[in-house]
Amino acid sequence: MIQLLAPTHWKDYELIDCGDFEKLERFGNVILIRPEPQAVWKKTYSEQDWKKTANITFRGRSATSGEWVKKNLSIPDRWHVAYENNEVAIKLRLGLTSFKHVGVFPEQAVNWDFISSSIKKFKTPQPKVLNLFAYTGAASLIANAAGAETTHVDSIKQVVTWANENQELSGLKDTRWMVEDALKFVKKELKRGKKYNGIILDPPAYGHGPNGEKWKLEDHIQEMMQDVVQLLDEKEHFLILNTYSLGFSSVIVENLIRTSFPSVQNLETGELFLQATSGVKLPLGVFGKFCNV
């Protein structure tokens with residue numbers, strides 16, 4: 001069965017409406033309008049309602065950059081939000097970047113809940129978790145807060161620094177930060193004979209390593225999957241593969257996992273979405289995940 005999953009208890013985030021290639025969303029007490037290529041339908045609320053509600057609007061100058069237009073110049077460029085589930089709580093520093101992101105992907109809260117609940121089921125006293133393509137570290141901090149020894153890998157130094165800020169903000173410590181190409185790092189860990197109880201993969205469609213290494217999802221994901229499953233602890237483990245690519249379906253993710261790890265148990269696949277207050281659903285990627293305890 002293909003699942004459709006959305007965050008259900010994040011008080012500091014709300015998708016208010018989406019449509020006409022935009023989304024209206026609240027992070028804490030800041031309301032933004034941002035581009036959204038998936039929102040090909042009409043807006044539910046009126047343009048007037050959107051403009052009246054929003055504090056800040058992103059205006060794109062190119063496919064990769066733009067500027068933020070504030071309704072009031074006193075609105076800060078940076079602010080904090082919190083996330084809490086039944087097991088853990090973290091805080092995140094958000095910010096207005098030139099490429100429309102703010103430092104978190106809200107739909108990933110579904111995966112955060114899976115991470116913390118999986119770690120809490122393990123008998124291993126301090127399970128080891130590896131987060132690849134780890135961005136600003138929300139999943140790493142969830143794993144850390146749940147009691148895992150966490151390794152965070154991303155190729156961009158600035159976002160690893162941002163993740164460290166989030167760790168301090170959350171009152172956590174001892175995450176292992178690695179600024180490295182994810183595929184190269186995995187191959188090194190294999191040579192070292194390392195094992196992990198949890199592996200989180202949230203690869204981009206395209207990307208670059210710190211030394212110019214090229215990542216293209218469809219070209220490299222099979223090699224990555226075949227390598228990472230060898231890093232999994234045989235007795236207790238979980239794995240999450242999340243992709244945000246318009247060309248990928250959950251069936252592709254299922255096939256990737258099953259062919260890379262034929263002995264997989266408890267595999268779940270599906271699609272992540274955000275439920276808008278206006279009633280529409282915004283699809284935001286597909287996932288495959290499994291946990292063995």
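What you see here is a predicted model.

Let's start with the open sheet. Five strands form it, in the order E2-E3-E4-E5-E6. Its pairing is mixed. At the edges sit strand E2, residues 13-19, and strand E6, residues 66-70. Each of these two pairs on one side only. On average, neighbouring strands of this sheet are turned by 20° against each other, direction ignored.

A quick reminder. Strands of a sheet pair through backbone hydrogen bonds, either parallel or antiparallel.

Now look at E2 and strand E3, which covers residues 22-27. They run antiparallel, and six bridges join them. Find Asp17. Opposite Asp17 stands Leu24, in E3.

Next, strand E12, residues 198-201. Gly198 and Ile200 point one way. Ile199 and Leu201 point the other way. All four residues are buried.

E12 has parallel pairings to show. Strand E9, residues 128-132, runs parallel to E12, with four bridges between them. There, Val129 has Gly198 of E12 as its bridge partner. Strand E15, residues 237-243, is also joined to E12 by four bridges, and these two strands run parallel.

Last topic: cysteines. Is Cys18 buried or exposed? Cys18 is buried, because its relative accessibility is 0%. Cys291 has a relative accessible area of 11%. Buried means under 20%, so Cys291 counts as buried too.

Key:
Residues are numbered from 1 along each chain as its sequence is written. This is a predicted model: local features need pLDDT of at least 70, side-chain atom pairs count only at pLDDT 80 or more; totals for chains, interfaces and linings use all residues. Side-chain values use heavy atoms; hydrogens and water are left out. Two strands pair if DSSP finds at least two bridges between them. Axes are lines fitted to C-alpha atoms, for helices over the stretch in contact, and angles run from 0 to 180 degrees between N-to-C directions. Buried means under 20% relative accessible area, exposed over 50%, partly exposed in between (1.4 Å probe, protein chains only).
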